Amino acid sequence: MPESHVVTISRFLVDQERLHPEATGAFTDLLSDIALAAKMIGREVNKAGLVEILGRAGEENVHGEEVQKLDLYANEVIFKALDHTGRLACMASEESEGFIPIPEKFPTGDYVLLFDPLDGSSNIDVNVSIGTIFSIHRKVSEGPRGDLIDCLQAGCRQVAAGYVLYGSSTMLVYTTGTGVHGFTLDPSIGEFLLSHPDMTMPEPPAKVYSVNESYYPRWSEPQRRFVDHLKGEAGFNSRYIGSLVADVHRTLLTGGIFMYPADSKSPNGKLRLLYEASPLAMVVEQAGGRASTGSRPILDIEPTDLHERTPLYIGSAGFVEQAERALAGGSKI
Ligand code: P6P
């Protein structure tokens, strides 16, 4: 690639900022801070295969240091990369019970960061791709420092959302509401380079469905009929990695539908609204796709709890609409 075509995420963010004269730069710095945290997490994730040498979580490594569980390490890296910057009013993490105030010794700002520091971390030991997911809102509470209400906002109020995929390469994909942009880490220079500008879901989409079919016995009858239809007369192929960011990233690139339905044991499904469904819904819908609970848009849900769960149907708009019709009991899928 000619040097003139090398666009780092920092340059891209500054170019994007220039499109908004009212921008203060705080938002650009916030996304740059997230990119830095992603590089630090990616470095440790890529060493995960060396546990025999570096030690397992909870044990001491060769240097006598305690080895942290990678998801707790990722949680700490993100918190420490952003707690002192003066850009955030507060944070909330899938790994933390309550909302996370900014320490009194640091200034606060106008944004709120919600994140899943390392989703799918159970896949680390088998070297399956895993991810970080982030969601950014504006502060809405009155006080000088953030509050729980700042974290409990509907997904349609997000000002930005994205994910980092630690896979065969480390990719950062984000949207600020004007398209979706993907960056691939070049480890030789430690920079995220623009590799997927203006990502849009492909038309026609690949006929691929992604769901854990071991739960089939626990699904509703309409859910079973829908998947039977996809694998039957509709001639779909099946792909399921079991790592949300990897499954959604593939769906974003090739088209298809990812489903994590409600079932008789989990009436709201497994996935978290704030840290998983909402941010991924903003990304996929910005790319021309659709994200639904199976009956209503994910982005319309008004959260009432930091850790509430939701069923998730996300991917090519036509396939998600088919799922909604099927789940409504429509005979014509
Ligand atoms: P199941 C990983 O544990 C995770 O949270 C998501 O990354 C993934 O989509 C889902 O759970 C897989 O769940 O029930 O299919 O193992």
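This is a predicted model: local features need pLDDT of at least 70, side-chain atom pairs count only at pLDDT 80 or more; totals for chains, interfaces and linings use all residues.

In what order do the five strands of the open sheet with β10 stand, and what is the pairing? The five strands follow one another as β10-β9-β11-β13-β12, and their pairing is mixed. Because β10 (237–238) and β12 (290–292) stand at the edges and each has a single partner strand, one side of each is left without a neighbour in the sheet.

Within this sheet, strand β9, which covers residues 208–210, pairs with strand β11, residues 257–260, in the parallel sense over two bridges, and Ser210 has Phe258 in β11 as its bridge partner. In general, the strands of a sheet pair through backbone hydrogen bonds, in either a parallel or an antiparallel manner.

A further open sheet is formed by eight strands in the order β2-β1-β3-β4-β5-β6-β7-β8, again with mixed pairing. Its edges are taken by β2 (100–101) and β8 (191–196), each with a single partner strand, so one side of each is left without a neighbour in the sheet. Helix α4 packs on this sheet, where it touches β1, β2, β3 and β4. Strand β1, residues 88–93, runs parallel to β3 and is joined to it by five bridges, and Leu88 stands opposite Tyr111 in β3.

| Helix | Strands | Angle |
|---|---|---|
| α6 (residues 221–231) | lies across β9, β11 and β13 (312–315) | about 150° to β11 |
| α4 | touches β1, β2, β3 and β4 | about 160° with β3 |
| α7 (residues 244–254) | lies across β3, β4, β5 (160–166), β6 (170–175) and β8 | about 105° to β5 |

Rolling a probe the size of a water molecule over the atoms shows where empty space is left. The structure holds one cavity of 30 Å³ or more, and about 60 Å³ of space lies in the largest cavity.

Which elements each supply at least two residues of the lining of the largest cavity? They are α2 (26–45), α4 (70–82), β3 (111–119) and β4 (130–138), and the largest share, three residues, comes from α2. Among the lining residues are Ile34, Ala37, Leu82, Phe115, Thr132 and Val164. By kind, the residues of this lining divide into nine nonpolar and one polar, with no charged residue.

Terms used. Residues are numbered from 1 along each chain as its sequence is written. Side-chain values use heavy atoms; hydrogens and water are left out. On a 1 Å grid over the protein atoms alone, a cavity is a set of points where a 1.4 Å probe fits but cannot get out, and a pocket is an open set with protein on both sides within 12 Å along at least five of seven lines; lining residues have an atom within 4 Å of a point. Grid points are joined across faces, edges and corners, and a volume is the space filled by probe spheres set on the points. Helices (H or I, at least four residues) and strands (E, at least two) are DSSP runs, numbered from the N terminus. Ala, Val, Leu, Ile, Met, Phe, Trp, Tyr, Cys and Pro count as nonpolar, Asp, Glu, Lys and Arg as charged, and the others, Gly among them, as polar. Two strands pair if DSSP finds at least two bridges between them. Contact means heavy atoms within 4.5 Å. Axes are lines fitted to C-alpha atoms, for helices over the stretch in contact, and angles run from 0 to 180 degrees between N-to-C directions.
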